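Hi everyone, thanks for coming. Have a look at the structure on the screen, and I'll walk you through a few parts of it.

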Amino acid sequence: MWNLNYEKAKEIIDVLSSHGFAMNKKFGQNFLLPLSVREKIVGCMGDIEGSEIFEIGPGLGAITSVMLKKGASVKAFEIDHGFAEILREEAFTDEPGFTLVEGDALKTLKAEGKCPDLIVGNLPYNVGSVMIGDIIERGMLSRKMVFTLQKEVVERICASPSSKDYSSFSVLCQLDYVPSYAFTISRSSFYPQPNVDSAVVVMTKKEENLLEPEERSNFFMLLRSLFSQRRKTIKNNLSRIIADKTELAAILERAGIDEKERAENLSLEDILRLYRSI
Ligand code: SAM
């Protein structure tokens with residue numbers, strides 16, 4: 001029976017070294033230790049009994065074990081070969097609700113035909129925002145997503161227009177979801193201790209989709225162009241994709257947007273209006 005005490009860094013190190021494995025810095029491996037914090041993260045998903053959850057980066061299963069205990073089915077996506085071996089052959093080998101997909105989640109998630117009920121992950125700092133962007137752009141729109149990320153990334157996800165943290169990533173995250181900053185996790189809760197603080201973001205799916213599936217890629221292209229040079233005006237940034245000045249002026253006028261405005265001041269509604277006007 002797997003009874004690793006996830007709260008003790010020494011037990012984690014021992015289990016890895018007993019298998020001849022070590023942690024790998026390049027995969028952003030910081031284990032979350034306190035059970036109270038792991039339970040709080042799982043609690044952010046609500047009642048998960050019987051739910052199908054995708055977990056990105058399970059590590060040795062610190063959050064996975066909490067979810068399985070609560071009666072959820074977990075499909076975990078882990079890149080580290082050593083962790084995967086321990087998860088598959090030791091930790092959750094007798095758990096019928098556990099499935100492992102080994103490899104880079106940026107690639108393996110693409111092969112998933114089905115969208116799960118919920119997605120969770122204590123994401124590696126280096127690729128956390130890329131993963132979230134990728135999930136949303138591909139339209140894997142679960143009912144709720146709960147991510148642990150560098151605090152500044154959570155602030156960017158939740159940012160309002162005209163604030164310093166607002167970017168195309170904020171708009172992307174707010175297109176289909178209502179994100180909320182759930183709580184901060186101090187760096188001392190992790191092993192090894194990172195040199196940044198972390199936070200948990202809860203992203204709840206909006207009831208209605210604001211775009212049709214076939215509209216999404218053009219919308220994302222517009223979004224990237226709008227924010228391509230932050231200090232430049234919308235007119236300037238859009239002139240790269242709409243070369244005809246008269247046409248561009250007419251599009252902005254139809255959308256009711258001043259050509260001297262900057263993208264950082266546009267709300268999601270403004271950008272949707274601009275998209276429709278194009
Ligand atoms: N869930 C564990 C916890 O909370 O203690 C570990 C979290 S650790 C911050 C990030 C995990 O993501 C590691 O297990 C790491 O190996 C894994 N990881 C990093 N990059 C990945 C990728 N591209 N695809 C899948 N897993 C990845």
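Let's begin with Val146, whose bridge partner in E9 is Val202. Strands E6 (residues 144-150) and E9 (residues 198-205) run antiparallel and are joined by seven bridges. Strands here are DSSP runs of E with at least two residues, helices are runs of H or I with at least four, and both are numbered from the N terminus; two strands pair if DSSP finds at least two bridges between them.

Before going on: this is a predicted model, where local features need pLDDT of at least 70 and side-chain atom pairs count only at pLDDT 80 or more, while totals for chains, interfaces and linings use all residues. Residues are numbered from 1 along each chain as its sequence is written, and side-chain values use heavy atoms, leaving out hydrogens and water.

Zooming out, E6 and E9 belong to an open sheet of seven strands with mixed pairing, in the order E4-E3-E2-E5-E6-E9-E7. E4 (98-102) and E7 (177-185) are at the edges with a single partner strand each, so one side of each has no neighbour in the sheet.

Now, which residue caps the N-terminal end of H4? That is Asp80, with a side-chain oxygen 2.9 Å from the backbone nitrogen of Gly82. Gly82 is also among the buried residues of H4, along with Phe83 and Leu87; buried means under 20% relative accessible area, with a 1.4 Å probe and protein chains only.

Last, the ligand. One of its oxygen atoms is 2.6 Å from a side-chain N or O atom of Glu78, and a ligand nitrogen lies 2.8 Å from a backbone N or O atom of Ala105.

Technical notes. Buried means under 20% relative accessible area, exposed over 50%, partly exposed in between (1.4 Å probe, protein chains only). A polar contact is a pair of N or O atoms within 3.5 Å; within protein, one must be able to donate a hydrogen and the other to accept it, and residues adjacent in sequence count only if both atoms are side-chain atoms.
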